[in-house]
Every structure is written in structure tokens, then in C-alpha cells.
Amino acid sequence: MKHIRPIFGLLFFFVIYLWNFPIVFETSDLLGRFDWDLYSFHVEFLRKSYLEFGSFPLWNPYYGAGFPVWENPSSKIGSFTHLFAIFFPSTTSLKISFLFYFALSGIFNYHSYQLYNRSSGLTSKVFVCLFQFSGYFFQKFYAGHMNQIQGLFLPAFVFYFLYLLQTKEKWILIFPILIAYILLSEGAIYTITQVSFLLVGLSIWEIYNATEKKRICFRFVWLSFFILLVLSFKWIPMFLFVHQVGRYFVPDQFPLQFSDLFSIFFGSSQHPLLSQSLSKMQYRYWEYGNYLGQLPLYLFPILVFTKRKLWFVLVLLVFTIWIMFGKGHGFSPVTFLEQIPIYSLERVYPRWSLSVVFLYVWCLAEVIQTFSEKFKVNYRVYFSCMVFILLTYHTFDVRKMNTKFLHEIFVLTPPAIEFQNKETYPITVNAVPDYGSDSKMFPAIRGNLSINDIYENLTFYFSNQSMDSNEYHGEFYLYPSFQRVKPIEWKPDQYTFGLLPKDQVLVINQKFHPGFVTNLTDVTPCSWNGYLAVQIDKGIRSIVLEYSMAKATRANAKMERKCNVTK
């Protein structure tokens, strides 16, 4: 029971902080602004696939002439959000997943902090509340950046990993593996890059301070390899996809200035449309808002009492803030990081404010722990009461600042789409009418339409012919006769055709991908001017094309097997 009571204390602050959160569940027929459309679309595809086809397809034909699902970090297949989408509407499942991850990460952060730092329950609650009640997560929620919410798990992953370096309790390994899978399945690429950076720096510090350096060093290598090995079924296809497809980012044009730090962490308003411009940086709205509350600001001077073992953490904090500033000059750490493949894909360096908050709050909580140890046992209860009152004040403060604009998110009505698709398979359109969101894909999939809009930074772009184009010959047709054909059975990642004449090319209005295979040993899909196609040299009674993730993982996505005909 004594291990459960602190969780109730944590729950008390969570309830206060989320008291005005139910407003986002007041309606299910209005859609969210900004990037909510993008992630609602990906979740809707998973939901549609399961409810209409009874499967979890590996190819999404509704999106940018077709995209792999398992490999695409934005798809959320195999995640908890995916599970929720089976039972709830797509936008609702994203909302539920936020609350679920907020609670689960709170428990993990609390438990891991106590394990590694050997701190009291009160100090652990202070750490969890200061970190999770920062504006970073609600700014991401507001903007619909649902692949960054899992940054909530950053402290737990770091602390569990560092704790495993110190002990032989292998059962703890379950937690970093689970967290790593959550990050991978939800596409939390930014969090993964920051976790990697922090673990390398902090593990080196652990090895430096250890009496048995070789043993700790070996354990670091073994833990890293084991976690990667267990999760290789997910991270290898994802890595190959991102590597083969390529990412394109518009970088920030100007670095931050030192005076911007106060506005980012302690500014008066974090509303994206009302926030003050920070220097001249391009992404100056919801990429920065990370309101910590006034209490951490007032307590900043006591960091001088930080324990000696945390001096390295303070140095790492300063270095991470330096990363946040971006490319100030040639000696900026960003210049070096961009030479490393995983970090060369970064775009908005102020997102490193997530790591800044983690390191800052870690030091602050440990200072509070140090002060509590100075009190005699009889007086610690008074110190605890004072901290509890201050934490309550802090909770009301950050709730007021970080959640006060929730009612402005879900206010969009989906557009009326004139074209009605009566086929089981999607018909390709360029776009649907604008309804106020940054992307316009969610209404399309509801109308069973394939859309050329790709609202992701992918260079693997191929725009197939839309139905209003003169070059459009249908979603499935033969070349050179241009005779339209229909599949006798269609699933998102599997197309079955009946009798097909010889000396024709079956053209599918999807981009070619080497992951497609057929049920015929002597027939292999090929690229017909970038389209997925099958060359028919002899008459075929029946043929099945389907996407194979195993073959896609082995194949090079940039190598095309071209058909032996020209357009």
C-alpha cells in the first residue's frame, strides 16, 4: 500500500492540471486545426482497413499515389493509438491516446526517477509535475503534432537505461524496450534523436564515475545492442524507408538570440497565433512555446546548490540550450550534429527545448531533495507541506497558461465533396476543398478518394493521374489499348484480376514499389513510367498483386524494374 499512495498524490495533481481538458471531447463531428488532419488521416486509414476489410494492410493507396504503412513513421500502425482507433473514431482515438500516454508516462517517469536518483516520493512528484506540465506537450497537442507527444517518455527511457548500467536487475529492461517501441510505433523521430544524444552523453559520464569502467562500458554496449535487436523488426524497415525515400526540410534561416530564452520558457502567452516573434526564425509559433511556470523561474538561483554528481548534467543543459539556438556560427554544435545521418534530418532545433526542460527540472528536483535532507526528521513534514502548497500553485499556473486555448482546436467542419465514388477501390483526385486545416486528406479518405496531397517532408514524391486529367485512363487499365479493367477483388494492399489478354501492360494508378509481388512465379511487377504495372506476355486467367513487407525490406526502393515497353 505504501507504494500505491504516492501514485494517488501524483493523480491529484494530474486531475487538477487536466481539469479543463474534457472540453476537447465535447464533440466528435468537428475536426481539428493545423496538423490534426494529417494524423487523423493516418489513423482513419488503419480504422477503415480493419472495419471494412478485416485486416491491417501494409500499403496505403489513399495517399500520394500509395505509401508503405509499416515503414512509414507517421502511420502509427501497431501503436496504442492504432488499438484505440479500432474502438473509437479517429480523432477521438488520438485524443484518448494523448491522455493514455500522459498517464502512463507519468507513472514511468515517477518510478524511473525514484529508481535511478534514489529520491523521495515528494521529490519524484515534483520532477514529474514540473516536466509533464510544461507547455511543450500541450503546444504539440494544440498544433496536432501527434508524433511528438511521446516525448513524455524521454525521462523514463533515460533513467531506466542509466539504472540498468548500475544494476543487474534485468527485469527493468522491459520498460525501456516498451518505451522504445512506443516511440517507434508512434513515429516519435525527434524524441528518438534526443534520447540517443542524451544517453550517449550521460552514459559516458556514468562510465567515467564508475569503479568498474570496463563492466559498465560492456553493459552499455550490450543494452544498446539488445534493445535494437529486439526492436529490429520495426526500426530496420523504418530506417530503410526514411533512408531510401529521403526527407526534405526547410531549415530555419536565422538562429535564436539569448534574449529569446525567457519568452520560450516563461513568456506570458504560448498561443500559436498570439506569440511574439522570436528573432527572425521561420518556425516561430508553436515550435517554441514551452511555458514552465513562474515557480521554476523563481527557484532558478538555487541551482547553485546542485549536487556535485549533477555538475555534468548542468553542463549538458547549457550545451543543449546551445543546440536549441541553431546555426549561430560555424562552431555551433548543430554544425557538427548535421554531419551525423540521424541528426542531419532535424529541422526545428528549438524543439530541443524538450531536453532542456528535462535536464533543468532534473537538477531542480535534486536540489529540492538536498534541502529536504537538511531538515531533521521531525520537521520534514512541514517542508513537505510547503512543497505541496507550492506545487499546487504551480499546477494552477501552468494549467491556466498551457491549456486555456483548447476550445479553439476542434472547430472545423469537413467540406462537402461533390464527387461520389461508388467503387470499392478509391478514385484519385488532386485535392478536396479547403476546410481550414493545413492539410486536406482526412475528408478524402472518408469519401473513399485517393489524394495526391502529401503533407509530409518526403522526397519520394510521385503524383498519379487524377480523374479530372486528360491523361486519366482509370485506376486500372491496359496499355496500349487503354481498355479499363476492374479488379475482381480489391484490398488496400492486394489486387486480384481475372482474365487478361496477352501483349498488354496492366497499369495501376499507384507508384511503383519493389515490394509488390504476384502469385505467379514467372510474372514480376515492373515500373511503367513510374506506375505500378505488370507486363503480360501471355494470356493470364487470374493474377494477384500484393505488397510484401519482407521483399520491400530486402529491396532498394530507388531501383526500378522497368517494363519493356515505352509510353
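Reply: Two strands pair if DSSP finds at least two bridges between them. Strands (E, at least two residues) and helices (H or I, at least four) are DSSP runs, numbered from the N terminus. The model is predicted: local features need pLDDT of at least 70, side-chain atom pairs count only at pLDDT 80 or more, and totals for chains, interfaces and linings use all residues. Residues are numbered from 1 along each chain as its sequence is written, and side-chain values use heavy atoms, with hydrogens and water left out.

Me: Which residue stands opposite T518?

Reply: T518 stands opposite L545 in β14. Three bridges join β11 to β14 (residues 543-547), and the two strands run antiparallel.

Me: What is the order of the strands in the open sheet of four?

Reply: The order is β8-β9-β14-β11, with antiparallel pairing. β8 (489-491) and β11 (516-518) are the edge strands, each pairing on one side only.

Me: Is strand β13 enclosed or open?

Reply: Buried means under 20% relative accessible area, exposed over 50%, and partly exposed in between (1.4 Å probe, protein chains only). Six of the six residues of β13 (residues 531-536) are buried, so this strand is largely enclosed by the rest of the structure.

Me: Which residues lie on each face of β13?

Reply: In a regular strand the side chains alternate between the two faces of the sheet. In β13, Y531, A533 and Q535 lie on one side and L532, V534 and I536 on the other, and both faces are covered.

Me: Which strands pair with β13?

Reply: β10 (residues 504-511) pairs with β13 in the antiparallel sense over six bridges, and I508 stands opposite L532. β12 (residues 526-528) also pairs antiparallel with β13, over three bridges; here C526 has A533 as its bridge partner. β12 and β13 form a hairpin with two residues between them, and N529 in the turn has a positive phi of about 55 degrees.

Me: At what angle do helices α10 and α11 pack?

Reply: Axes are lines fitted to C-alpha atoms, for helices over the stretch in contact, and angles run from 0 to 180 degrees between N-to-C directions. Helix α10 (residues 213-230) and helix α11 (residues 232-245) pack at about 80 degrees, with their axes 5 Å apart. That makes α10 roughly perpendicular to α11, a term for angles of 65 to 115 degrees.

Me: Which residues of α10 and α11 meet?

Reply: Contact means heavy atoms within 4.5 Å. L228, L229 and V230 in α10 meet S232, F233 and W235 in α11.

Methods: Parallel < 35°, antiparallel > 145°, perpendicular 65-115°, else oblique.
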